[in-house]
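Colleague: Could we go through this structure together? I would like to begin with its cavities.

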Amino acid sequence: MDKIERMRELNAMLARASDAYYNTGTEIMSDHEYDALYDELESLERETGVILNGSRTQQVGYEVASSLKKVRHASRMLSLEKTKSVDELKSWLGDRVGFLSWKLDGLTLVLTYSGGELVQAVTRGNGEIGEDITANARHIIGIPSAVPFKGELVVRGESLMKYCDFERVNAETDEGAKYKNPRNLCVGTVRNLDSRVTAERNVNFFAFNLVSAHGYEENSFSKRLEWLASLGFQTVQGRLVDSKNIEESVMEFESAITKNEFPSDGLVLTFDDVEYGLSLGQTSHAPRNGIAFKWRDETADTTLREVEWSASRTGLLNPIALFDPVELEGTTVSRALVHNLSIVKQLRLGIGDTLTIFKANMIIPQVLENKTCSGSLEIPAVCPVCGGKTEIRISDDDVETLVCGNPECAAKHIGKFEHFVGRDAMNIVGMSTATIEVLVSEGFVREFRDFYHLDDHKERIVSLEGFGEKSYQKMQEAIESSRHTELSRVLYALGIPNIGRAAARLICAEYTTPEALERLTADELTAIDGIGEVLAGEYIRFFADETKLSEYRRLVAELDIALPEQISFESAIAGKSFVITGSVHIWKNRNELKAYIEANGGRVASAVSSKTDYLINNDTLSGSTKNKTARSLGIPVISEEEFRKMV
């Protein structure tokens, strides 16, 4: 390819990756890939002496593409030159004193204060024009809304999220909307149009530079940060260094990475003498008063043995590279997420290929390169979970993903299995959502009965990350224990719409065998006190579905269902119907009182009717609708204390 043409191609690729990464939070290539393309472009520019109009080497940031108000920065925000060599870092510093700090991996913000009040917060944007996120900034930890300094104050810093908050938010997020890393989540949160989202997600801000403070004079960079801390800002962690201790300091930062609660992608070295640093000026895209240090990642070569396609709730099939175990940064690594089909194709993966693995930010395993590039990997034509046909979808950013097209795929119904194992249902103790997702994505669980046949996959399960012999045995014990259950739990576990625990108990009190449950008619159901037409309709529709009926029968065959307990007719409330309303005091809550009544042979309905024997309401004289209805029907209204005396 012609060198100029290659430069055009590189510019286009870099522009697209930058826009996706910074404006939408989508990662279409790794940092290593981006840096390699950038370095190739820079090399070609030096070789040819040509810099194309709009070259990415002359850009400082990325184009803004959102509905937030655009703001022009008072001064252009430039990117630092970078190095991966400690010797270069030491040479750059010379005999000067520098301030070495974390290079935080988040979204840069510029804050402006006037009269001691925060008046504006702007994102970096493209270095010249950013976005106004002032409303959100008022909800970011580490940004004071007011400071004791009354002069004009401009501060730069990084907004970012702790790993624990990233994991918390991702756990609460629908699968299709999950974020790949804390930085992408931070970008999406800070630029969100609803400031409540920012407040709920615990975004932090760390000041890393005092741009200006009219009336404040201090030439030491480190002391400026100390002053900002005294004003109420969180400031970036760092230390003073010189040529004698800089190597040791870099090593200490490196050893602290795994304990760092915030994401970082390197270090920043700045001259502590602010005036000296500014006197050095700047290039077209980088200031000369600072330099970025990026970790020289430890890498290891290994052999690709398998690509696992992990199914998600949205039907996405996420590729995971499984390879021979290697030691990286003190831990053993044997798998790495490849993110999407586009990256699979870019890496030209094939089973048996030689891969170079590294840990992004020394934490997250990733594939750096494929040294053999066989490109022979077969993209699965069917979903590993349900066997349904797969589809390749292309996003607006030209990112290819593989999805399962079957709307009934078990992976899309994780909630169904979460309900099934719940405490009030089959009560499989310790069966977490994360465990269910793994069992489903591996194809071990496709329907309810499969929980009782996990021993067929024992060898594979104990080899999975996060599992082992001990955890497997504990899981199996909980599953075996759940086989011995009662019919009402089984009925509730099916997840029939509107059939809650109470309704399931009412039905199973009248019809006591699994066979009877599947044959009930609408008339038989509505004849049960507490079961109305809506519930009966949902119930009938469920068992009329041949697929659901077959799944129910296969489940029942796995269980040891106890006969219903004989109700003691010596109980004063046996056979009586109650309605509970208002707050309770003797029992912990209304559910506990309800359970007590049912355990003693009584029934609990939600509405007062002619079939109700008692209305329990501690405010017996209230004018509530239920009290009025009860009085009109001649039904006694009793307090908890009166009820307790009855039993």
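Colleague: What volume does the largest cavity have?

Modeller: The largest cavity has a volume of about 90 Å³. This is a predicted model, where local features need pLDDT of at least 70, side-chain atom pairs count only at pLDDT 80 or more, and totals for chains, interfaces and linings use all residues. Residues are numbered from 1 along each chain as its sequence is written, and side-chain values use heavy atoms, leaving out hydrogens and water.

Colleague: What counts as a cavity?

Modeller: On a 1 Å grid over the protein atoms alone, a cavity is a set of points where a 1.4 Å probe fits but cannot get out; lining residues have an atom within 4 Å of a point. The volume is the space filled by probe spheres set on the points, which are joined across faces, edges and corners.

Colleague: Which residues line the largest cavity?

Modeller: Among them are S30, E33, H339 and Q366. Elements giving two or more residues to this lining are α11 (341–347) and β16 (364–370). Helices (H or I, at least four residues) and strands (E, at least two) are DSSP runs, numbered from the N terminus.

Colleague: Changing topic, what is the strand order in the open sheet of four strands?

Modeller: The order is β5-β4-β7-β8, with antiparallel pairing; two strands pair if DSSP finds at least two bridges between them. The edge strands, β5 (117–123) and β8 (204–213), each pair on one side only.

Colleague: How many bridges join β7 to β8?

Modeller: Eight bridges join strand β7 (residues 153–160) to β8. The bridge partner of L153 in β8 is A213.

Technical notes: On a 1 Å grid over the protein atoms alone, a cavity is a set of points where a 1.4 Å probe fits but cannot get out, and a pocket is an open set with protein on both sides within 12 Å along at least five of seven lines; lining residues have an atom within 4 Å of a point.
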